[in-house]
Amino acid sequence: MKKKSKKMIINLIHKKKKKIYSFYEAIKILKKNKPANFIESIDANFNLNINSKKSEQNIRGSTILPYGTGKKIKIGVFTTGKNIIIAQSSGADFVGMEDLADIIKKKKMIFDVIIASPESMETVRKLGPILGPKGIMPNPKLGTVTTDIQRAIADYRNGKINYKNDKNGIIHSSFGKINFSDKQLYKNFIELYQSIKKSKPAQLKGIFFKKISLSTTMGPGIIIDHLSL
């Protein structure tokens, strides 16, 4: 008989119990039973009562986590003129136009965020098939198409994250690392939760959050009592 991994055992226990935990109880369990030997991210999965086939019900937004994500991100910036110096001095990992596009096409460097000034969008749009599926296509609504390059870079360095629902109406988002304090994780989570809550479509009636679960990168999902948040 194949030996069950620690992750499988923990998952089976919680599935069997079908228990709903408070936020702090869930975090305690995740920290105690972490199956990986590296510093995992802690993720939240928001199962929303939306119809993702209707464009007006899809959720997309961004927020700045008070304590950041704990991840070191790579930022690429498409811009011209004086903004090149501004982007470089603000901490962008690579600044350019066609040369940056070539790096992205050839996968010479993997970026977590792409920021673009308006005049560069003609070049950026050609990269849609690459950037779109990765969720990093610059978008004015997310502040990644902007004339204020310095502020955009600072926001992402300070913990700004983007989120959107998948085809099943679920938003998956990391909100910290397992070595964060419980208080830091709670404040980050509440910021994310409130941001998504404010995005509820006006025409949507009834409940918005069907279920919320927390998990580590390699661990099982634990359902939390979101009604008490």
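Phe23, Tyr24, Phe46, Phe175, Tyr186, Phe189, Tyr193, Phe208 and Phe209 come together as one aromatic cluster, where rings of Phe, Tyr and Trp (its six-membered ring) pair if their centres lie within 6.5 Å. The structure also holds five salt bridges, a salt bridge being a side-chain nitrogen of Lys or Arg within 4 Å of a carboxyl oxygen of Asp or Glu. This is a predicted model, in which local features need pLDDT of at least 70 and side-chain atom pairs count only at pLDDT 80 or more, while totals for chains, interfaces and linings use all residues. Residues are numbered from 1 along each chain as its sequence is written, and side-chain values use heavy atoms, with hydrogens and water left out.

**Aromatic pairs**

- The count comes to eleven aromatic pairs, and planes under 30 degrees apart count as stacked, over 60 as edge-to-face and the rest as tilted.
- The rings of Phe23 and Phe175 have centres 6.3 Å apart and planes at 45°, so this pair is tilted.
- Because Phe23 lies in helix H2 (residues 23–32) and Phe175 in strand S7 (residues 170–177), the pair ties together parts that are 152 residues apart in sequence; helices (H or I, at least four residues) and strands (E, at least two) are DSSP runs, numbered from the N terminus.
- Both Phe23 and Phe175 are buried, a word that here means under 20% relative accessible area, with exposed meaning over 50% and partly exposed in between (1.4 Å probe, protein chains only).
- The rings of Phe208 and Phe209 are also a tilted pair, with centres 5.0 Å apart and planes at 55°, and Phe208 and Phe209 are both buried.

- The side chains of Asp93 and Arg157 meet in a salt bridge, at 3.0 Å from N to O.
- Asp93 lies in the loop between helix H3 (83–89) and strand S4 (94–96), whereas Arg157 lies in helix H7 (residues 149–157), so the pair ties together parts that are 64 residues apart in sequence.
- Asp93 is partly exposed, with a relative accessible area of 35%, and Arg157 counts as partly exposed at 35% relative accessibility.

**Other salt bridges**

- Arg151 forms a salt bridge with Asp155, with the closest N and O atoms 4.0 Å apart, and both residues lie in helix H7, four residues apart, about one turn of the helix.
- Arg151 counts as exposed at 56% relative accessibility, whereas Asp155 counts as buried at 19%.
- Asp102 forms a salt bridge with Lys108, the closest N and O atoms being 3.9 Å apart, and a network of salt bridges links Asp102, Lys106 and Lys108.
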